[in-house]
Amino acid sequence: MSKPEEVVNQVPEDEGSDIEAGGLFEDPPDFYPPSPPPTTEHYTMKDGSDITLHLVGHSPLEAHTLWNGAVIISQYFEEHPEEVKDKTVLEIGAAAGLPSLVAAVLGAKKVVVTDFPDPDIVEVMWKNIRGCPMLAVDREEDRNIVADGYVWGAKKEPLLAHLGEQPQGEEGFDILILADLLFRHSEHSKLVDTIQFTLKKKPGSKAFVVFTSYRPWLQHKDLAFFDLARERGFIVDKFLEIKTEKPLFENDPGDEEIRKTVTGWTVRWPTEEEEKAAAAAKAKA
């Protein structure tokens, strides 16, 4: 049996350090068994509507899995549609893009769903968009959702271009979605960079960060993401904790209760009052 730190869906602890160089695709010959065929999952909305989700076959970027975080934040949006209705939404590391699809169905103004610019992953995101009956349109340009490739921490301009011209000082997205991305500890800084680049500096704008610590013995490293966000000046608040019936990966090691628990956090810019209070506290220190 492998040691615990070597298990969990073949995701090593420092898996993301060479993502920009494409190192995630450079595995030794026969490292993986033959790739399984693409699969499908289904998500049923509260009104009974069905969303069919196509997933790629095995992916070193974990895009072949419908993660609990994506399901839970989608359910949250259904219970709180005001969080996305008439808002601009960006999802990063989306894989199948379920939360983005739900946001678009709930009336988001514009949704940009992204993942690593691998052709298969981007094609699957588009397939899920075009196959969603609630998002059917006569003309492509009338869609309120688009898919694109994006490397975390890269330039924001290609993403913002999907929103068209915005007033000066109001550039960015109202809502960001990060579902089950924190296990890539080496990429935390780039994830926070992306929030800084793309989150609109406006009251009500926020990033929803939803995740499970699938490696319980590394939970402290998952949570270190929020320490980094605070260091960058963001306000972090926990808004959700849900325990699923069973872990997503039942044969993985570690505390089962932690592996069953999904938590949700918001990351947002401070208000003027909060900035003043922080400056006053710093001056007194």
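A word on the model: it is predicted, so local features need pLDDT of at least 70 and side-chain atom pairs count only at pLDDT 80 or more, whereas totals for chains, interfaces and linings use all residues. Residues are numbered from 1 along each chain as its sequence is written, and side-chain values use heavy atoms, with hydrogens and water left out.

Now the charged pairs. A salt bridge here is a side-chain nitrogen of Lys or Arg within 4 Å of a carboxyl oxygen of Asp or Glu, and searching the whole structure turns up 15 of them. Here are some:

| Pair | Closest N and O atoms |
|---|---|
| Arg-139 and Glu-141 | 3.4 Å |
| Arg-268 and Asp-237 | 3.7 Å |

Arg-268 sits in strand E9 (residues 261-268) and Asp-237 in strand E8 (residues 235-243), so their bridge ties together parts that are 31 residues apart in sequence. Strands (E) are DSSP runs of at least two residues and helices (H or I) of at least four, numbered from the N terminus. Arg-268 is partly exposed at 21%, and Asp-237 is partly exposed too, at 33%.

Elsewhere, shared partners link Arg-130, Glu-140 and Arg-143 into one salt-bridge network.

How values were computed: Buried < 20%, exposed > 50% of the residue type's maximum accessible area, 1.4 Å probe, protein only.
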